[in-house]
Amino acid sequence: MNTTQFKNGVIGGLAGGMVFGMMMGMMGMLTMIGKMVGQPSAVVGFMVHMVNSAIIGIIFAFVFGKIVSEMKTGVAYGMGYGIIWWILGPLTMMPLMMGMPFGSNWNFAAMTNMMPSLMGHIIYGVILGVVFVILNNRLSKKAPNVSPSKI
């Protein structure tokens, strides 16, 4: 992974995080995110969410940076990546951070209740993948050679 892909992962992660964060705000979920760090505040929850979104974008760039180069792979890998983070985040790590036993949300009832979160994670992943591909393709193409006399 080069620094350009690193930056593109951050930007893609923040773009997806912004959209998903707005969705979480409308669903009243940001306070719960803030509780994970001991501050039951929507503002703190949004800040934690955006930091996580940038980090998750970096991981995407590191793991998939050489594979994801076309829009269809950006969408597909982004969607799958979002699903993975739904399993890792609200189904696994978040309950642990809130004092619940390991695997407490690994059941049909909990997963059914978290379908809006799954949709948000999928949307996040698709936006991350699409933005990552757009930025990588835009920056990897050489700028046209225009001489100053033609300007």
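This is a predicted model: local features need pLDDT of at least 70, side-chain atom pairs count only at pLDDT 80 or more; totals for chains, interfaces and linings use all residues.
1. Numbering starts from 1 along each chain as its sequence is written, and side-chain values use heavy atoms, leaving out hydrogens and water.

2. You will find 6 helices and 0 strands here; helices (H or I, at least four residues) and strands (E, at least two) are DSSP runs, numbered from the N terminus. Of the 151 residues, 39% count as buried, meaning under 20% relative accessible area with a 1.4 Å probe, protein chains only.

3. Now look at the aromatic rings. Rings of Phe, Tyr and Trp (its six-membered ring) pair if their centres lie within 6.5 Å; planes under 30 degrees apart are stacked, over 60 edge-to-face, the rest tilted. That rule gives 7 aromatic pairs. Phe64 and Tyr81 are edge-to-face, because their ring planes stand at 90°, with centres 5.8 Å apart. This pair links distant parts of the chain, 17 residues apart: Phe64 in helix H3 (residues 42–64) and Tyr81 in helix H4 (residues 71–97).

4. Is Phe64 buried or exposed? Phe64 counts as buried, at 15% relative accessibility, and Tyr81 does too, at 5%. Tyr81 also pairs edge-to-face with Trp85, with centres 6.3 Å apart and planes at 75°. Ring pairs join Phe60, Phe64, Tyr77, Tyr81, Trp85 and Phe132 into a cluster.

Key: Buried means under 20% relative accessible area, exposed over 50%, partly exposed in between (1.4 Å probe, protein chains only).
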